[in-house]
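Please open the structure in your viewer and keep the selection tool at hand. The tour moves from one selection to the next and says what is to be found at each stop.

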Amino acid sequence: MSAFLAVVLLLFIWRMREGYACGMMQEIVNLLSGVISLACVALVFLAVTSALSKSTHILTACIIALVLLGILFKLCRLVFAPLLAVGSISIVSGINKVLGAVMGAAEAVLLAYFSYKALAHFGIYVL
């Protein structure tokens, strides 16, 4: 129990520190990047399994979804590039850093929750 709480506390401190250092805008970009990357990996695995099972309609859908995710990622970069530049203005920078720390804390809470649920799913009760 105490080991899990220590890991959660370290995770909380680490994510708040990184969130403060990067700022909220960069945290959003990093989070969005991670989600899109995870979706791409899942689609690639689905495409490979559908190719092995000779299911061409699923393979086609996976390829189309990968292309659309690539386009979405490029559009997000176009949107967030000016927002990241605005975040470096001195007046906005302090607010951006504080909100980044808050977002880092929220991310740590979500990671701790999902870790707890995953461990409980496998029968490892930590609390």
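This is a predicted model: local features need pLDDT of at least 70, side-chain atom pairs count only at pLDDT 80 or more; totals for chains, interfaces and linings use all residues.

Begin by selecting residues 90–121, which make up helix α4. At 1.5 Å a residue, these 32 residues should span 46 Å, and the end C-alpha atoms are 46 Å apart, which agrees.

Staying with α4, colour its buried residues, among them Ser93, Asn96, Gly100, Met103, Ala112 and Ala120.

Next come the aromatic rings. How many aromatic pairs does a search of the whole structure find? The search finds two. Select Phe4 and Tyr116, which form a tilted aromatic pair with 6.3 Å from centre to centre and 50° between the planes. This pair links distant parts of the chain, for Phe4 belongs to helix α1 and Tyr116 to helix α4, 112 residues apart. Phe4 is buried, with a relative accessible area of 15%, whereas Tyr116 is partly exposed, with a relative accessible area of 27%.

For the last two stops, look for charges over rings. Select Trp14 together with Arg15, and you will find the charged end of Arg15 over the ring of Trp14, 4.8 Å from its centre. Then select Tyr20 and Lys97, where Lys97 lies over the face of Tyr20, at 5.7 Å from the ring centre.

Technical notes
Residues are numbered from 1 along each chain as its sequence is written. Side-chain values use heavy atoms; hydrogens and water are left out. Helices (H or I, at least four residues) and strands (E, at least two) are DSSP runs, numbered from the N terminus. The expected span of a helix is 1.5 Å times one less than its number of residues. Buried means under 20% relative accessible area, exposed over 50%, partly exposed in between (1.4 Å probe, protein chains only). Rings of Phe, Tyr and Trp (its six-membered ring) pair if their centres lie within 6.5 Å; planes under 30 degrees apart count as stacked, over 60 as edge-to-face and the rest as tilted. A charge sits over a ring if NZ of Lys or CZ of Arg is within 6 Å of the ring centre and within 35 degrees of the ring normal.
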